[in-house]
Structure formats: structure tokens, C-alpha cells
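Thanks for asking me to look this one over. Here are my notes, in the order I would go through them with the model open.

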Amino acid sequence: MKLLVVEDEAKIAASLQKGLAAEGYVVDVAEDGDMAETLTRASEYDLVLLDWMIPGKYDGPGLIQLWHEQGKHMPVLMLTARGTIGDRVQGLDAGADDYLPKPFAYDELLARVRALLRRPAGGSGAAFTIKNVVLDSVRKTVTKDGKPVHLTAKEFQLLEYLAARRGEVLSKDQLLDHVWADEDRVQHNTVETFVANLRKKIDKPGGENIVRTVRGFGYSVD
């Protein structure tokens, strides 16, 4: 899954990016409200970790309002030094899905991230069932006919993104942007190779492909 960290304190932002990436998430960082607005226009995110007091045209609540006006409803975990009850109420009323005062325990932050990702959002939840395959985004597991399927981290992220956008045709550029956002010089044939490897692991021999090729456009999961 792809997360956005909006944090102007460089050390905190770097620590969050490193820690969340170690958990298997793809993580982008924005140091101010303007950069966050630009990134969310260019990419789709499954969760935003948002500092309240950030420089730029938009502060935390302002960004949430803007995203809602744009029809973007990804879950938002607000991180801020403003920790009074009144501040928490104000943050939640502004549209945040959860609120964690600074300083926070990293294990608690991870637990809150997992909890938010378990919530249904945009019609999808943490578990996806595609024919005889079940993908659990929180436990990072895939089963086929009830038996574990061992995927690499990138194979898992690829299937997860396709499942979360079920019914949509996703181009190779979209898949590269979401799954390989943390890598440079990745080509279209990388997507083709990973789709082929994924099919070997989750498709029934001689059966219909779970990841469908739409010639000239990209890939889709129905």
C-alpha cells in the first residue's frame, strides 16, 4: 500500500519513511502543504499521516478540506504536538480519521495505521477475495484455495494494488508509480515480468488469468 507522510520536521519525516518502508509500505514524503497537494493530485494514496502545523498555503485541516472538495477520501491520521482534548476534537471535526499527539510511541503509530487500513475505504477493505485467492493487506498474506501462497514484497504490492482498484484498467505507468515509486530506472518490462511471475503462483493451470491483460491499456482484476 502507498502512504503519504506530510511532515516538515526532517528527522521525524525520515524516521517515519524508513520505519514504514520496513513494514512493506511504499512511502512518499511532503515537507509542506503545497507539496502534499501536488503529490495527491499526481498519485493515489491509501493513507495519509498528516502534521497539523505545516508551512505552505494549506495546513493540516486545510488539506483535508481540500481533498474532500476534490472527492479524495483516503483515511488521514493526524500527527501533532497539539494534544489537548479540545485540539483532538477540532482535528477529528476537521475530517481526520484518527489523531495521535506527539511525541508518540512508534508501535502505537503502526497499530493505528493498520487499524485505519482495515477500515473499508472507497469500497475496499483490508481483505480482498478474487475467485479462489484471498489477499490480506494487514497480515500481508495470500492464500489460494485456502493454502498459503508465497509472494515477494513487490508481487504482493502489485496484486494488492490491482485488487484495491478492482474493475479498473491500470496502465503500466500507474503500476510503476504505485508499486515501484521508491525505485529509479524501472521499465515497463518489469511490470510484464512481475505479472507473469504472479500468474504462475495464483492462476489455475489452464484456467482464466486473475490478472487480465487489456491490450494497449494495461492490466485489470475483475
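1. A word on conventions. This is a predicted model, in which local features need pLDDT of at least 70 and side-chain atom pairs count only at pLDDT 80 or more, while totals for chains, interfaces and linings use all residues. Residues are numbered from 1 along each chain as its sequence is written, and side-chain values use heavy atoms, with hydrogens and water left out.

2. Domains. The domain assignment, which is automatic or taken from a database, gives domain 1 as 2–117 and domain 2 as 127–221. Their centres, taken over C-alpha atoms, are 27 Å apart.

3. Interface area. The size of an interface is often given as the accessible area lost when the parts come together. Here about 840 Å² is buried between domain 1 and domain 2, with carbon and sulfur atoms giving 42% of that area; the value is the accessible area (1.4 Å probe) that the two parts lose on being put together, summed over both. Lys-2, Val-26 and Glu-44 supply 52% of what domain 1 buries against domain 2, more than any other three residues.

4. Nine residues of domain 1 contact nine residues of domain 2, where contact means heavy atoms within 4.5 Å. Two salt bridges are counted between the domains, each being a side-chain nitrogen of Lys or Arg within 4 Å of a carboxyl oxygen of Asp or Glu. Arg-165 and Glu-44 form a salt bridge through their side chains, at 2.6 Å from N to O.

5. Backbone checks. Please look at the peptide bond between Lys-102 and Pro-103, which is cis with omega about -10 degrees. Pro-103 sits in the loop between β5 (98–101) and α5 (106–118); helices (H or I, at least four residues) and strands (E, at least two) are DSSP runs, numbered from the N terminus. Lys-131 belongs to the loop between β6 (127–130) and β7 (133–136), and Asp-145 to the loop between β8 (141–144) and β9 (147–148).

6. Ser-220. Leaving aside neighbours within four places in sequence, the residues in contact with Ser-220 include Leu-162, Glu-168, Val-169 and Ile-210. Its side chain also reaches the backbone oxygen of Glu-168 at 3.0 Å.

7. Helix α3. The buried residues of α3 (residues 60–69) are Gly-60, Pro-61, Leu-63, Ile-64, Leu-66 and Trp-67. Among the elements covering them are β1 (2–6), α2 (33–42), β3 (47–51) and β4 (76–80). After the helix comes Gly-71, whose phi is positive, near 80 degrees.

Note on methods:
A polar contact is a pair of N or O atoms within 3.5 Å; within protein, one must be able to donate a hydrogen and the other to accept it, and residues adjacent in sequence count only if both atoms are side-chain atoms. Buried means under 20% relative accessible area, exposed over 50%, partly exposed in between (1.4 Å probe, protein chains only).
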